[in-house]
Amino acid sequence: MHLRECLRALPDSAFAGESVIFREILTEDDLAWATCDFVLPPEQQELVNPAGFSIGRAYFCPERFVPYLICKKDGGVPVGFILLSEFIWNGREFTGWSYFIAPEHQKKGYGRDAAALAVRILSSAMPNLQIELSVVEGNLEAERLYLSVGFEKTDRFDGDERVFIYSTKRNK
């Protein structure tokens, strides 16, 4: 089974964290919010894939890339975007994500809660696959966040981005 099928097999409660929920992008309004209604500051745009790129991935390979809005648990207001992903690269299969929090909602704990929730979701949906993320070298804020939710920094690179892996052994 691919990621989308595995995610659909999870109960709705699996998509709720402490302060955020993930809501799959299924409407034009959700799509407009993710791609048009806000813009990251220029200094952050170079650090993440834009939502349009991620949604394009989901369009071309919907079974492996699933886009969600990150919403406040209380009230459902969108605060960010996340693309949960299943990758096959150089003969390896693993999961990961690309995400961002809207500038007006940053520094409120939503990013950390979303990262922890993504780990729980991917670990439940595809428990036999490693979770890997790549971070633009020098993005210390992202590095600290990923380390705080159980990732380990590796000596591997994906282009100019440092690879982080979630350590299931360390976090059981």
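Strands β2 (residues 65–72) and β3 (residues 78–89) run antiparallel and are joined by seven bridges. Within this pair, Ile70 stands opposite Gly80 in β3. Helices and strands here are DSSP runs, numbered from the N terminus, where helices are H or I with at least four residues and strands are E with at least two. Two strands count as paired if DSSP finds at least two bridges between them.

The structure is a predicted model, in which local features need pLDDT of at least 70, side-chain atom pairs count only at pLDDT 80 or more, and totals for chains, interfaces and linings use all residues. Residues are numbered from 1 along each chain as its sequence is written, and side-chain values use heavy atoms, with hydrogens and water left out.

**The sheet**

β2 and β3 belong to an open sheet of seven strands with mixed pairing, in the order β1-β2-β3-β4-β5-β7-β6. At its edges are β1 (20–24) and β6, each of which pairs on one side only. From one strand to the next, the twist averages 35°.

**Helices on the sheet**

Helix α4 (residues 51–60) lies across β2, β3 and β4, and it runs at about 45° to β3. Helix α6 also packs on the sheet, where it touches β4, β5, β6 and β7, and its direction makes about 130° with that of β6. Contact means heavy atoms within 4.5 Å. The axes are lines fitted to C-alpha atoms, for helices over the stretch in contact, and angles run from 0 to 180 degrees between N-to-C directions.

Helix α6 (residues 140–148) has Ala142, Glu143 and Tyr146 as its buried residues. Seen down the axis of α6, these buried residues fall within an arc of 100°, so they line one face of the helix. The arc is that of the directions from the helix axis to the C-beta atoms. Their cover includes β4 (92–101), α5 (110–125), β5 (130–136), β6 (151–158) and β7 (161–166). Just after α6, Gly150 has a positive phi of about 110°.

Buried means under 20% relative accessible area, exposed means over 50%, and partly exposed lies in between (1.4 Å probe, protein chains only).

**Cysteines**

A disulfide is a pair of cysteine sulfur atoms within 2.5 Å. By this rule the count is zero. Cys6 is in no disulfide, and its nearest cysteine sulfur is that of Cys61, 14 Å away. For Cys61, the closest cysteine sulfur is in Cys6, which is too far for a bond.

| Cysteine | Relative accessible area | Class |
|---|---|---|
| Cys6 | 9% | buried |
| Cys61 | 18% | buried |
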